[in-house]
Structure formats: structure tokens, C-alpha cells
Amino acid sequence: MKIKLISKILLMVLTIISISFASCNKDETVNNPNDTIPEIPGYTLVWNDEFDGQYINPNKWSWEINGDGGGNNELQYYTGSPTNSFIDNGKLIIRAIKENYNGKEYTSARLRTLDKGDWLYGRIEVSAKVPTGRGTWPAIWMLSTDWSYGGWPESGEIDIMEHVGYDPNVIHGSVHTLKYNHTIGTQKSATLNIPNATTTFHKYAIEWFADHIDFYIDNYKYFTFTNENKGWEYWPFDKQFHLILNLAVGGNWGGVQGIDVNAFPAQMEVDYVRVYKKD
């Protein structure tokens with residue numbers, strides 16, 4: 001009688017454990033963010049960050065810490081402080097704050113994927129909401145990983161998205177090369193009017209090929225930069241590049257109409273970053 005009772009108890013315990021394991025496995029599958037990422041025909045997802053964790057993933061991002069002004073006389077000091085960059089409710093927040101720090105009047109953050117995410121060609125897509133306020137200058141952009149052709153602008157720059165606070169409804173996409181850059185008045189760029197850029201998330205993306213780069217906002221192509229086959233001076237985009245997310249303050253472009261100090265703290269929010277390779 002005792003043996004039968006013990007057997008029944010053991011069977012009940014094993015059943016409960018089995019149900020518990022099944023429930024855990026089911027929950028893990030549902031909560032896996034990759035299950036909700038839409039497929040793009042002709043592409044395979046190779047790198048992404050959905051910002052679903054508690055902290056910024058140091059295996060995917062590193063912080064640039066300096067007060068160099070980004071080469072544009074910007075006013076912020078980029079820090080690694082959690083007050084300037086953090087995860088909140090599934091979003092990456094990059095926040096610019098008006099505060100004195102190391103000789104600067106503002107702090108902010110600049111994150112990059114250097115040596116953690118470096119790509120040659122593919123689709124790079126970022127869902128983001130840009131800040132409001134005169135003097136803000138957020139950007140989603142790419143630089144050469146190896147600088148094979150030299151410093152800037154020789155090795156190139158790809159600006160997937162730039163926005164300046166004094167022109168709140170306009171999004172800019174552009175490239176910089178030795179022959180095409182703003183310092184000599186030859187920069188290749190385009191703009192698109194997005195009336196709710198500061199209140200709604202939009203998908204900013206490029207599709208990068210050996211012979212051209214297409215620029216998209218919400219899957220609408222508004223700009224194409226073409227490889228003219230004139231050499232690296234015109235097209236240095238045959239090397240690996242990495243991604244940068246930052247929020248600058250002021251500077252040669254962002255501060256051209258001054259800075260509204262009442263706009264700070266200001267922040268750019270990023271819902272996800274996804275990188276696809278062409279099949």
C-alpha cells in the first residue's frame with residue numbers, strides 16, 4: 001500500500017515538473033524577439049539589437065568618450081554614463097543633458113559597433129524617433145572600420161539619417177568621399193519631409209551594393225548614390241563599415257541657428273537596429 005502511494009506521489013511530482021518545463025519553453029519561444037522580426041525577401045538577418053534587455057549590450061556596442069566636438073565644433077562631451085545612454089521600456093535612449101562636464105556645457109552619448117558589427121554591403125535598418133529642440137543634431141551613420149584609404153573623408157562616410165532641431169520636419173541622407181563632401185561644396189545628399197519625425201518612430205535604412213547605395217525612410221526610396229567607377233576617391237565604399245548612433249549639441253550645422261537651452265534634456269529613441277545580408 002505504501003509503495004503504491006509513493007508511486008502515485010512520484011508520478012504527480014514528475015507530471016508537475018514536466019508541465020513546468022513545457023510552460024517555460026513555450027514562454028521562451030514567445031518572448032524571443034527574433035520571432036517577431038519580419039523577413040525581407042532576398043535578405044537574411046545577420047545582426048540585430050532589439051534593446052529588450054535591461055542594459056546596453058557591451059558585446060554589440062562601445063562608447064566613444066571624448067569632448068572633441070566631433071570635428072564640427074559641437075558643444076557636448078560624450079560619456080559612458082547611464083544618464084546619457086540607457087535602455088528604457090525596450091528602447092535605446094541617447095540623452096543630451098545641459099550640465100557642465102570636463103569643460104563642456106552639455107553631455108551626451110555616441111555609441112558604435114566598431115569591431116563588434118562591421119559589414120560590407122547589405123541592408124542596415126534602424127527604427128528611431130528624433131528629438132525636438134533647436135540645437136539638437138542626432139545621427140545614424142557609418143564610418144570605415146579599417147580606414148584603408150586614409151582619414152576622413154578619404155575612407156568615406158554614409159549618413160543614413162541626420163536631423164537638425166531647427167528644421168524639425170526634414171530628414172537628410174548623404175555620403176562623404178574625397179571628391180564628394182561638404183567642405184568643398186560637392187556633397188551628395190537628399191532630404192525628405194517627415195512632419196512627425198519628432199513624435200513617431202520611422203524606419204531609416206540603406207541598401208548598399210557594389211555599384212550603388214539606396215536610401216530609404218519607411219521603405220520609400222528617396223536617394224541613390226551611384227558608383228561611377230572612377231576610383232576610391234569617388235567610391236571608397238568597398239570596405240567594411242560600422243554603425244554609429246549619437247546625439248550632438250550645436251556645432252557647425254546643428255547650432256547654426258543657436259541653441260534653445262530649454263529644449264534639454266533632449267533624447268533620441270531607438271527601437272531596434274537590424275542588419276541584413278543579400279542572399
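## Working chat: loops, pocket and rings

Modeller: Asn229 lies in the loop between β16 (220-226) and β17. Keep in mind that this is a predicted model.

Biologist: What is the phi of Asn229 near?

Modeller: Near 55°, a positive value in a residue other than glycine. Most residues other than glycine have a negative phi.

Biologist: Is Asn229 buried or exposed?

Modeller: Exposed. Its relative accessibility is 67%, and the cut-off for exposed is over 50%.

Biologist: And Asn89, where does that one sit?

Modeller: Asn89 is in the loop between β4 (85-88) and β5 (91-101). Its phi is near 55°, again a positive value. Asn89 counts as exposed too, because its relative accessibility is 71%.

Biologist: Switching to prolines. Which residue does a cis peptide bond join to Pro153?

Modeller: Trp152, with omega about 5°. Pro153 is in the loop between β10 and β11. Another cis bond joins Phe264 and Pro265, with omega also about 5°. Pro265 lies in the loop between α2 and β18 (266-278). Most peptide bonds are trans.

Biologist: Now the largest pocket. How much space lies in it?

Modeller: About 550 Å³. It is lined by 25 residues, and those closest to its centre are Asn72, Trp137, Glu157, Glu162 and His182.

Biologist: Which elements give two or more residues to that lining?

Modeller: β10 (136-144), β11 (157-162), β12 (170-176), β17 (241-249) and α2 (251-254). β10 gives the most, with four residues.

Biologist: How do the lining residues divide into nonpolar, polar and charged?

Modeller: Eight are nonpolar, twelve polar and five charged.

Biologist: Back to β11. How many of its residues are buried?

Modeller: Six of the six, so β11 is largely enclosed by the rest of the structure.

Biologist: What about its neighbours? How many bridges join β10 to β11?

Modeller: Five, and the two strands run antiparallel. Trp141 stands opposite Asp159 of β11. On to β12: four bridges join β11 to β12, also antiparallel. There, Glu157 has His176 in β12 as its bridge partner. Glu157 is also among the residues closest to the pocket centre.

Biologist: Aromatics next. How many aromatic pairs does the structure hold?

Modeller: It holds 16. One of them is Trp47 with Trp119, ring centres 5.3 Å apart.

Biologist: Why is that pair edge-to-face?

Modeller: The planes are at 70°, and over 60 degrees counts as edge-to-face. The pair links distant parts of the chain: Trp47 is in β1 (residues 43-49), Trp119 is in β8 (residues 118-119), and they are 72 residues apart.

Biologist: Are those two buried or exposed?

Modeller: Buried. Trp47 has a relative accessible area of 10%. Trp119 is at 6%.

Biologist: What is the geometry of Trp208 and Phe241?

Modeller: Edge-to-face as well, 5.5 Å centre to centre with 80° between the planes. Trp208 is in β14 (residues 202-208) and Phe241 in β17, so the pair ties together parts 33 residues apart in sequence. Trp208 is buried at 1% relative accessible area. Phe241 is buried at 0% relative accessibility.

Biologist: Which aromatic cluster holds them?

Modeller: The one formed by Tyr121, Tyr180, Trp208, Phe225, Tyr234, Trp235, Phe237 and Phe241.

Biologist: Last one. Which ring does the charged end of Lys98 sit over?

Modeller: The ring of Tyr106, 5.3 Å from its centre. Arg123 lies over the face of Tyr216, at 5.6 Å from the ring centre.

Note on methods: Residues numbered from 1 in each chain as written. Predicted model: local features only at pLDDT ≥ 70, side-chain atom pairs only at ≥ 80, totals over all residues. Heavy atoms only, no water. 1 Å grid on protein atoms, 1.4 Å probe; cavity = no way out; pocket = protein on both sides within 12 Å on 5 of 7 lines; lining within 4 Å. Points joined across faces, edges and corners; volume = space filled by probe spheres on them. Nonpolar A, V, L, I, M, F, W, Y, C, P; charged D, E, K, R; others polar. Phe/Tyr/Trp six-rings, centres within 6.5 Å; stacked < 30°, edge-to-face > 60°. Buried < 20%, exposed > 50% of the residue type's maximum accessible area, 1.4 Å probe, protein only. Lys NZ or Arg CZ within 6 Å of the ring centre and 35° of its normal. Pairing = 2+ DSSP bridges.
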